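The following note is intended for a colleague who is meeting this structure for the first time. Its points are numbered so that each may be checked in turn.

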Number of protein chains: 2
Amino acid sequence: MQRDTQQKEAIRLTFIRAGRPLSIDEILSYARRQVAGLGIATVYRNIKSLQEEKFIQPVDLPGQTTRWEIAPGGHHHHFLCRTCDKLYEIHGCPEDLSRLVPEGYTLEEHDILLRGLCKNCSRKNNTRER
Amino acid sequence: MQRDTQQKEAIRLTFIRAGRPLSIDEILSYARRQVAGLGIATVYRNIKSLQEEKFIQPVDLPGQTTRWEIAPGGHHHHFLCRTCDKLYEIHGCPEDLSRLVPEGYTLEEHDILLRGLCKNCSRKNNTRER
DNA sequence: GTCGTTGCAAAGCGTTTGCAGCCTA
DNA sequence: TAGGCTGCAAACGCTTTGCAACGAC
């Protein structure tokens, strides 16, 4: 039978408070504010367990370590800020993806990652330039 | 001064013959047909060197190891076959990406990965179903 | 008190680096 | 022949696993 530990609860809370996908390091450092000696192995184990419970799901990004977000998100994509490295959920899809696929190929899924500056970093950038 | 070794030449040839992005394992096993004792460290070193020469460039995929393709490809995206795991280059972009970005965000780049069945695997799949 | 969970340390795994010997120029 | 390159093995960084102690129920 599964137990409710401080560690797991702290990690769950971290996701709820963050409101955006988190990396392992983000989870570790945020959750440590609540459970001081929290070990990285415990984070990995609870991430796995929370995924099995379908509380969170993985977000695989090109050239980056996996991030984790509260599930179910429904179908959506992400925006990665090149300055603060934070990841944000975005909604909607391009409508003309199937025309990109060559003759004979069967399109089943698509991953889209938009990159640039988030709201916060866009503002800072504008302020600096003035 | 840089030397032309059998190993490096074999790797270069492997890319030319393949005509699609390759993983480290693909490069190692294909190039070994030409240079038997080829070591994995040599592959990594030559990949780096070929990248510096701008003969190849990395292709980062979500949840997969980096693949490598002949450069310059210009701006393009990829199609990953879920059956044979081969990666193909595709051309063109969706036209309405900027409408996906929330107010205040600055869109600079985008990565798109299409997934499904390549031509070969689509055909096999149809044949089997009949 | 039981036994699932934790933190530590060691093991895995893909990638990188150190080094002695090889081979290109 | 010099010294860049190779293959091997060890080192690395991130993730997973083994284990004794801890703590939820």
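1. Two strands are said to pair if DSSP finds at least two bridges between them; helices (H or I, at least four residues) and strands (E, at least two) are DSSP runs, numbered from the N terminus. In these terms, Ser23(A) stands opposite Arg67(A) in β3(A). The strands concerned, β1 (residues 22-23) and β3 (residues 67-70) of chain A, run antiparallel and are joined by 2 bridges.

2. The model is a predicted one, in which local features need pLDDT of at least 70 and side-chain atom pairs count only at pLDDT 80 or more, while totals for chains, interfaces and linings use all residues; side-chain values use heavy atoms, with hydrogens and water left out. Residues are numbered from 1 along each chain as its sequence is written, and chains are lettered from A and ligands numbered from 1 in the order in which they are written.

3. Strand β3(A) has a further partner within its chain. Strand β2 (residues 56-59) of chain A runs antiparallel to β3(A), with 4 bridges between them. One of the facing pairs is Ile56(A) with Ile70(A).

4. Pairing also crosses from chain to chain. Strand β6 (residues 106-117) of chain A and β6(B) are antiparallel and share 11 bridges. Within this pairing, Ile112(A) is opposite Ile112(B).

5. The interface of the two chains may be described by its extent. Contact (heavy atoms within 4.5 Å) involves 37 residues of chain B and 37 residues of chain A. The buried area, that is, the accessible area (1.4 Å probe) that two parts lose on being put together, summed over both, is about 3200 Å², and carbon and sulfur atoms give 57% of it. Of the area that chain B buries against chain A, 20% is supplied by Leu100(B), Tyr105(B) and Asp111(B), more than by any other three residues.

6. A salt bridge is a side-chain nitrogen of Lys or Arg within 4 Å of a carboxyl oxygen of Asp or Glu, and 6 of them link chain B and chain A. One of the salt bridges joins Glu95(B) to Arg99(A), where the closest N and O atoms are 3.6 Å apart. On the side of chain B that touches chain A, β6(B) gives the most, with 12 residues.

7. Which residues come nearest to DNA strand C? A residue is near a strand if one of its heavy atoms lies within 4 Å of it; of the 19 residues around DNA strand C, the nearest are Arg3(A), Thr5(A), Thr42(A), Arg45(A) and Tyr44(B). Helix α3(A) gives the largest share of this surface, 4 residues.

8. DNA strand D is surrounded by 18 residues, and the closest are Arg3(A), Tyr44(A), Arg3(B), Thr42(B) and Arg45(B). Here the largest share, 4 residues, comes from α3(B). Phosphate oxygens of DNA strand D lie 2.4 Å from a polar side-chain atom of Thr42(B) and 3.3 Å from one of Asn46(B). Of the atoms of DNA strand D within 4 Å of the protein, 61% belong to sugar or phosphate and the rest to bases.

How values were computed:
A polar contact is a pair of N or O atoms within 3.5 Å; within protein, one must be able to donate a hydrogen and the other to accept it, and residues adjacent in sequence count only if both atoms are side-chain atoms.
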